[in-house]
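Here's a quick tour of a protein model. Keep the sequence and the 3D view open while you read.

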Amino acid sequence: MFESLGNKLQDILDRVGRESKLTEAQVKTAMREIRMALLEADVNFGVAKEFVARVSEKAVGQEVMGSLNAGQTVVKLVHDELVETLGGQAAQPTLTNEGNLWFMVGLQGAGKTTSTGKLAAFYKGKGRRVLLVAADTQRPAARDQLEVLAKQVGVPVLKVADGETPQETRRRLDEHLKTDFRDLVIVDTAGRLQIDEALMDQLSDLQTELKPTETLLVVDAMTGQEALNVAQTFDARVKLSGLVITKMDGDARGGASLSARSVTGKPIYFAGTSEKLAGLEPFYPDRVAGRILGMGDVMGLIERAQQADLKAMEVKKPGDFDLEDLLTQLRQIRKMGPLGDLMKLIPGMSRALPEGFTVDEKQIQRIDAMISSMTAKERHNPKIIDGRRRKRIAAGSGVTVQDINKLLKMHEQMKEMMKMLQKFSGPGAGRGMKLPRQPNLPPSRGR
């Protein structure tokens, strides 16, 4: 989502960073360009103006003009201010041992029902006993959709009937909890096509009766500035406690997401990163800021690896790296998510790749199919794969013989590269690759 904004900010800061000494005029020019980049990304005008003003004030206040690390300091100031704009410290909904009841509110089409299912999956994975309440009586299929999601997650669902009063819903919920203890209840409320006073009154009445401990507004990151007006209106009526930003994997400019925390004053708890039930991540302002500025997100990469429960491979010599090893590594990496998304988490990778670069996930699937069509003997000793075997493997995996040739050539190139790495890095150095650390930036003065 932030690719366009990130590229522009990185270009501006790269020019600033190359200067050994900065003049006040240069900083003003850079700040003007940053403000324009933010506005073009659909960031709220007031937020963009205040962002630039604060960075400029800190730059002047710290007397970075003329210092040898002035460029680096400006980069650090922009990064820190970006973190603050996104919310500063990461925040999560409050959870106690029992009595947790969350309200999910938002406009229709924002991804509210899907986000409700994702939250159930996320917290069930943390050992919570979750109950979903399907209270969206406005959209015919909403209750059935939540029921399907609940079955996929493996949690029960209580469906509110048409015309059911808030008092009756409260009574039925209490009865359910008496026989089936649940420490987290998530209520999917009726979505709205627009701010409708009658529907807002119904939502307010249900909230008054159920007394939720958290009220989360689901905001579609693709809706731009209108999302901020919606958030303010909902907050005025039902007192929001936090936000869930959906469709962060889309191609929108992303300005509304950057503005949401500043305009509403509410923390962003979660971000939806895909349509899958696992596609929901806690929102970390510092990590998002790092991704925007091309610093990557090493912690995010490590967490994905932990969630995928990757098993360490047996250490082999480069010459012993066979197709079975290649298949195992590919499958383990794919557990962590789309390869294109993973590459963006590596510091500096977004700038190293050519503009418009994409990873062909289907090609990775084809490699899996080709190796899977081989016998164990062929995987361990690719040299025995002659013309007859190549035809058989190609037919079995639905590819051409040329594709098989390319795979075998790629495997040989990988083996040669591993040998070179071991040769130049010394004994044992090629046994694993350390994740790169984020670049060290000079600390801000006064902190």
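**The sheet**

L131 has V185 in strand 4 as its bridge partner. Strands here are DSSP runs of E with at least two residues, helices are runs of H or I with at least four, and both are numbered from the N terminus. This is a predicted model: local features need pLDDT of at least 70, side-chain atom pairs count only at pLDDT 80 or more, and totals for chains, interfaces and linings use all residues. Residues are numbered from 1 along each chain as its sequence is written, and side-chain values use heavy atoms, leaving out hydrogens and water.

- Strand 2 (residues 130-135) pairs with strand 4 (residues 184-189) in the parallel sense, over six bridges; pairing takes at least two DSSP bridges between two strands.
- Eight strands make an open, mixed sheet, ordered 3-2-4-1-5-6-7-8.
- Strand 3 (157-159) and strand 8 (280-282) each have a single partner strand, so one side of each has no neighbour in the sheet.

- You'll find K112 in helix 5 (residues 112-124).
- K112 is buried, at 5% relative accessible area (buried is under 20%, exposed over 50%, partly exposed in between, with a 1.4 Å probe and protein chains only).
- Beyond its neighbours within four places in sequence, K112 has contacts (heavy atoms within 4.5 Å) that include M104, D136 and V218.
- Its side chain reaches the backbone oxygen of T189 at 2.6 Å.

**How confident is the model?**

- The protein chain averages a pLDDT (the predictor's confidence in each residue, from 0 to 100) of 77, and 74% of the residues score at least 70.
- Over residues 425-447, pLDDT stays under 50.

Definitions and conventions
A polar contact is a pair of N or O atoms within 3.5 Å; within protein, one must be able to donate a hydrogen and the other to accept it, and residues adjacent in sequence count only if both atoms are side-chain atoms.
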